[in-house]
Amino acid sequence: MGTLRNILKKITHPFLKRGMAYYYRKPRPYSYQGITTTVHPDVFPPHLTLSTKILLDFISDIQLTQKTFLELGCGSGIISLYASQKGANVTASDINKTALAYLTKASEENNLPVRCVYSNLFEELQGNHFDYIIINPPYYPKSPENIKQQAWFCGEGFEYFEALFQQLPSYLSKENTTYMILSEDCELTKIKEIASKNNISMELVYKTKKAGEKNFIFSLS
Ligand SMILES: C[S@@+](CC[C@H](N)C(=O)[O-])C[C@H]1O[C@@H](n2cnc3c(N)ncnc32)[C@H](O)[C@@H]1O
């Protein structure tokens, strides 16, 4: 089955790519639970990808009232807006300035407060405590050539994960819960190895198969 899926992926991939490029040639609205945001072409698209929706559904069961919540690498910020709707005190960070500008506007339009911070990983968040941290990381091992690709590519040498797992331990504690979503498409063994090297354990807490692709949510501690 895995092989068949891979073959199908190879065949359809260029068409998917072209279809996605056409769809995302202009800003597109995205809605969840009555919240609407606009996604710029340079920002990670939650419409045709699975991970954002899986995380949204996953956090729907979590009691977030008055919890401090960080979406590290927020993209469209729909997860941040939803956490805010659920009563969390939300920080959304990214290195994509367009994403942050659009999220600031969506936060005002939906009347859902979100603190938007331009930050390379935790650089501008030092000293902050978060009850919850949610990460949907870029995971393909390739060097990003522009801001749009930063949403997908973690660097040939997994530089994103090397830096993330070096910085993350300062934010992990008994009072904190950190969730990261990964797919069967990424090099799970390599990512777990980098985590382990930094004394971070990854416990699988949720898995789902959608559109033939397995996705996993890990709790990091
Ligand atoms: C896969 S997207 C996820 C977006 C959003 N969290 C979601 O689930 O829809 C990854 C996001 O991480 C951001 N990102 C990549 N490298 C980053 C870094 N070093 N620091 C902060 N954000 C980063 C990208 O710009 C992108 O918005």
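When I say two residues are in contact, I mean that they have heavy atoms within 4.5 Å. One more caution before the details: this is a predicted model.

Let me apply the term to Ser-107, which lies in helix α4. Setting aside neighbours within four places in sequence, Ser-107 is in contact with Leu-81, Leu-112, Pro-113 and Val-114. With Val-114 there is also a polar pairing: a polar atom of the Ser-107 side chain lies 3.4 Å from the backbone nitrogen of Val-114. Is Ser-107 buried or exposed? Its relative accessible area is 9%, so Ser-107 is buried, the cut-off for that being under 20%.

Next, the nonpolar cores. The largest one has 33 residues, and the members touching the most other members are Ile-59, Leu-64, Phe-69 and Ile-79. Several elements give two or more residues to this core, among them strands β1 (28-32) and β2 (35-39), and helices α2 (51-59) and α4 (97-109).

Of its 9 residues, 7 are buried, so α2 is largely enclosed by the rest of the structure. The buried ones are Ser-51, Thr-52, Ile-54, Leu-55, Leu-56, Phe-58 and Ile-59.

One of those, Leu-56, is touched by Tyr-30, a residue of strand β1. At 11% relative accessibility, Tyr-30 counts as buried.

On to strand β7, where we find Thr-178. What is the relative accessible area of Thr-178? The value is 0%, so this threonine is buried. The side chain of Thr-178 makes a polar contact of 2.9 Å with the side chain of Asn-176. Beyond four places in sequence, Thr-178 touches Ile-133, Ile-135, Leu-168, Leu-172, Phe-218, Ser-219 and Leu-220.

Last, the ligand. How many residues surround it? There are 18, and the closest are Thr-52, Glu-71, Gly-73, Asp-94 and Asn-120. Thr-52 is also on the list of buried residues in α2. By class, the shell splits into 8 nonpolar, 8 polar and 2 charged residues.

As for individual atom pairs, Asp-94 has a polar side-chain atom 2.6 Å from an oxygen atom of the ligand. A backbone N or O atom of Gly-73 lies 2.7 Å from a ligand nitrogen, and a polar backbone atom of Leu-121 is 2.8 Å from a nitrogen atom of the ligand. Taken alone, the ligand exposes 590 Å², and the protein buries 96% of that.

That is what I have. I can go back to any of these residues on the screen.

Notes
Residues numbered from 1 in each chain as written. Predicted model: local features only at pLDDT ≥ 70, side-chain atom pairs only at ≥ 80, totals over all residues. Heavy atoms only, no water. Core = buried A, V, L, I, M, F, W, Y, C linked by side-chain atoms within 4.5 Å. Buried < 20%, exposed > 50% of the residue type's maximum accessible area, 1.4 Å probe, protein only. Helix = DSSP H or I, 4+ residues; strand = E, 2+ residues; numbered from the N terminus. Polar contact = N/O pair within 3.5 Å; in protein donor to acceptor, adjacent residues only side chain to side chain. Near = heavy atom within 4 Å. Areas by Shrake-Rupley, 256 points an atom, 1.4 Å probe, with all protein chains shown as cover. Nonpolar A, V, L, I, M, F, W, Y, C, P; charged D, E, K, R; others polar.
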